[in-house]
Protein chains: 2
Amino acid sequence: MAGKSYAIIMAGGKGERFWPLSTSKHPKQVLSLVGGKPLLVLAVERLKGLIPPGRILVITSKDLVKVTAKTVPALPKENIIGEPFGRDTAAVCALASGIIKARDPNGLFCVLTADHVITDITKFQQNINDSLHLAATADILITIGIKPTFPSTGFGYIETGNVIKAAGKTTFLKALRFVEKPDKKQAEKYIVSGNFCWNSGMFVCSVTSMQNALARHAPQLLKMANRMEKAAGTNHFNSILANEYSKLEKISFDYAVMEKSDNIIMAKASFKWDDVGSWTALENHFTKDNNGNVIVGISEILDSFSNIVVSNDRLTALLGVRDLVVVQAEDATLVCHKDKAQEVKKMVQLLMKNRKYKSLL
Amino acid sequence: MAGKSYAIIMAGGKGERFWPLSTSKHPKQVLSLVGGKPLLVLAVERLKGLIPPGRILVITSKDLVKVTAKTVPALPKENIIGEPFGRDTAAVCALASGIIKARDPNGLFCVLTADHVITDITKFQQNINDSLHLAATADILITIGIKPTFPSTGFGYIETGNVIKAAGKTTFLKALRFVEKPDKKQAEKYIVSGNFCWNSGMFVCSVTSMQNALARHAPQLLKMANRMEKAAGTNHFNSILANEYSKLEKISFDYAVMEKSDNIIMAKASFKWDDVGSWTALENHFTKDNNGNVIVGISEILDSFSNIVVSNDRLTALLGVRDLVVVQAEDATLVCHKDKAQEVKKMVQLLMKNRKYKSLL
C-alpha cells in the first residue's frame, strides 16, 4: 500500500546574489521578490490541495528557523527543520528520508525549492501528483525536467531517452545523463537536438527508493538518515543532527546519487518555470517600460535603457545609463552591470572582510 | 581718493546639477562638495586679510538668506542680501553697485562666486588686489581671465589683445571680445592661438565705473541701482527690491554690459581655478583609486572603472560598471552616466512635475 505524500521545500540558501535586499537575517526566500509574496510562501501555496500543511517540511539553516516559521505560519513548527550548517542537497535529501520514514515508512515525497517561480499551479500539481503515483510503483527516482525555451548557460541539463509512460497528464522519459551548465555553443546544440531538458532540481521518490539509492551510492548518508529517523520528534534532534552533519562532506544530490543511478526517470514539466537565481531573473516576471527597464518600487528614469531597478523605500533616479541593476536597500545600494549579476556574491564576500559592514550582510 | 574695497559673492544658484545632495533648502553653495567645507565658506575664507567680513556681501535668493547666514556666521546679517527671484548677473551687479555706493560712493568691488575652487590663495589675493588698485585709476571694468589648460567646451572665452600693464604681480591685457562656450574644434583653435582665456565670471571695478557702464548700456538697471542705494539700510529694502526686480529682464552681465563695452581689461589669473559646475568636477579635486574611481564617503568597488561615487551615510557598492556618477543622498539616489552630468537639471525638472517628490528637491 502506498504511503502518504510529503513535500520537502529546500530553503537554506543565503541568497547572496540578491544582496543588498537579501541578508543573512532576512534572506531571499522570505523576500517578496516576485509575485507579491515571499518566495517561500508561494512555494507552500503552490501545494494547496495536493499536500496538507502538516506534511510540508521546510529545511533551512538553524539561524533562519525563526524567520522561516514566521513567514509560513500555516506550517507546524516541528516541520521547520534547521540545519546546523549547509552540507548541500545530498544531506538534505537523506535527512528528509529519515524524518519522513519516522512518520510513514511507506511515505512518498517531492523535493522542491523556494527559489522557483511557477505560475501554472494546476499543471504543476498534475505533474507532481502523477510523479508521486508513479514513484509508489517502482524503485525509481523521478526528476522534473523543464522544456528549455532558450540555450541557457545558467542551468544544468538532463539528456532524455525513450518515453516510458504517459501517466495522467504527464510524460515520463528515461533520463540518460545529467550534464553541468554548458557553454553557449553546447547549450545551443542541446536545444537543437530536442533531447535535453533543464534540470530543475526538483524530484519525486518514495522513502524506500531514496534509501535504496543512498545504500548503493552514499552509505554514509543512509547512516545519518537512520540516526535522524530515530531522533525525529525527540529533544535531542538538533544536537544529534549537528553531530551527524559534522561528519558529512558537502555534495549535491545530483552528484552523489542521481548521476550514478540507472533508475532515473524524468517527468517532463508541462508548467512554465523559472529559477530566481539573480537580479536579472526579475526581467522574466515584471512588465518592462518602453525602454526595456524593469522598475520595482520608486524610480524615475531619463534616457536610460534595459535597466532593472529595485527601490522600495527611497527614490532611485537613472539618467543616461543602460544594462544596470540598481538595488536600493535600507542601508546599502548596489549598482551592478547586468552581466555581473551572478557575481554579486563576490561583492558580499568582499564586504565580509570588513567588520563595519557586518550589519549589512 | 580711492574708496574702500568690497567683495560681492554671488551665491544664488539652485545647484540643480548637484541633485540629490543639493536641494532647494540645502543648495550647492552650503554643501561641502570639495575642500572639506561648504563652497561659500571657502569663498569667504579666500578673502581673509584682503577684505574684512564687514565689507563682504553675499547675494543669494530670499529663501536661502537664513541657511546662508548660518553657513557664514562671520558676516554681518545685513550683508546677506536675498533676491526675491533670480534676474541673472546683470541685476546682481547693478544691485551691488547701489548697496556699496550707499556705504561708500568711491567704493571699489570685486564680484566673485561661490562655485569656484581656488587653492592658490596668495596668488588669488595678489591678482584681486592688483585689480582693485588698477580699477581705482580709470573708467574701466576688469575681468579675470584664466589661462586655459585644455580645450574646454564648458566655459566661455575672452580674446585678448596687447598687454596694457604689468601691475604688481598681475598682467593686464586688453579684452577684445567675449565668446560663448565653443564646440570642441573651435576650443582647440583658441588654445593653439594662445590669445584666449577662460572667462571666470569674476570681475573688478569701481562703483563709478560700474554705474557709468550701466548708464551707457543698461539704463534700466542703473535706475534700479539708484533706488536700491536709497533703500539700503531701511526696513523697506526687501519690498522695494521685489518691486524693482519685477520690472527687470533676465540677462547676464556679460551679455548686458561687458560685450558692449570697449573699456574692458582682462587680468590674467596666476592662480589655478576650477568651476564646480557638475558632479564630474569632483574628479579634479579628489585623488582617484588605481582604477580611476573617485570615492567620497562609504563605497566598495569591484571590477569598476572611472566612476564618481558620493555616499555619505550609507554604503554604495559598485560591481562591473564604468563612467558612472552615483550619488546617494538621504532620500534619493542618482545613477547617471558621466556624459549626462550636465543634464541632472533635466532629472530635477522631471521630478518637479510630481508632487510626491517635492521634499527631495
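In this predicted model, A:P20 is placed in the loop of chain A that runs between β1 (5–10) and α1 (39–45). The peptide bond leading from A:W19 into A:P20 is cis, and its omega is near 10°. Chain B shows a cis bond from B:W19 to B:P20, again with omega near 10°, and B:P20 is located in the loop between β1 (5–10) and α1 (39–45) of chain B. The points below turn to the overall form of chain A, the relation of the two chains, their contact, and selected residues.

**Overall form of chain A**

- Chain A contains 10 helices and 15 strands.
- Along the principal axes, the C-alpha atoms of chain A occupy a box of roughly 65 × 50 × 35 Å.
- The radius of gyration of chain A is 21 Å, which agrees with the value near 21 Å that a compact globule of 361 residues would have.
- Of the 361 residues in chain A, 49% count as buried.
- When contacts in chain A between residues at least 6 apart in sequence are considered, 65% of them join residues at least 24 apart.

**Relation of the two chains**

**The contact between the chains**

- The contact involves 31 residues of chain B and 31 residues of chain A.
- On the side of chain B that touches chain A, the elements giving two or more residues are β12 (294–302), β13 (308–319), β14 (324–328), β15 (332–337) and α10 (344–352) of chain B.
- That side of chain B is made up of 18 nonpolar, five polar and eight charged residues.
- Strand pairing crosses from one chain to the other: β13 of chain A, residues 308–319, pairs with β15(B) in the parallel sense over five bridges.
- Within this pairing, A:T316 has B:T333 in β15(B) as its bridge partner.
- Strand β15 of chain A, residues 332–337, likewise pairs with β13(B) in the parallel sense over five bridges.
- Here the bridge partner of A:T333 is B:T316 in β13(B).

**Strand β13(B) and its partners within chain B**

- Strand β13(B) is mostly covered, with 10 of its 12 residues buried.
- β12(B) and β13(B) run parallel and are joined by eight bridges.
- In β13(B), B:T316 is the residue that stands opposite B:S299.
- β13(B) also pairs with β14(B) in the parallel sense, over four bridges.
- In β14(B), B:Q328 is the residue that stands opposite B:S311.

**The nonpolar core**

- The largest nonpolar core has 234 residues, and A:I9 and B:I9 touch the most other members.
- Beyond its neighbours within four places in sequence, B:I9 is in contact with B:L40, B:A43, B:V44, B:I56, B:V58, B:L112, B:T113 and B:A114.

**Residue A:I301**

- A:I301 belongs to strand β12 of chain A, residues 294–302.
- A:I301 counts as buried because 21 other C-beta atoms lie within 10 Å, where the cut-off for a buried residue is 20 or more.
- Apart from residues up to four places away in sequence, A:I301 touches A:N293 and A:L318.
- A:I301 and A:L132 are 169 residues apart along the chain, and their C-alpha atoms are separated by 48 Å.

**Residues with positive phi in chain B**

- B:D88, a residue other than glycine, has a positive phi, near 70°.
- B:D88 is part of helix α3 of chain B, residues 88–103.
- B:D88 has 17 C-beta neighbours inside 10 Å, so B:D88 counts as partly exposed.
- B:D303, also a residue other than glycine, has a positive phi near 50°.
- B:D303 is found in the loop between β12 and β13 of chain B.
- With 16 C-beta neighbours inside 10 Å, B:D303 counts as partly exposed.

Terms used. Residues are numbered from 1 along each chain as its sequence is written. Chains are lettered from A and ligands numbered from 1 in the order in which they are written. This is a predicted model: local features need pLDDT of at least 70, side-chain atom pairs count only at pLDDT 80 or more; totals for chains, interfaces and linings use all residues. Two residues are in contact if their C-beta atoms, placed from the backbone, lie within 7 Å. Ala, Val, Leu, Ile, Met, Phe, Trp, Tyr, Cys and Pro count as nonpolar, Asp, Glu, Lys and Arg as charged, and the others, Gly among them, as polar. Two strands pair if DSSP finds at least two bridges between them. The radius of gyration is taken over C-alpha atoms; the globule rule is 2.2 Å times the number of residues to the power 0.38. A nonpolar core is a set of buried Ala, Val, Leu, Ile, Met, Phe, Trp, Tyr and Cys residues joined through C-beta atoms within 7 Å.
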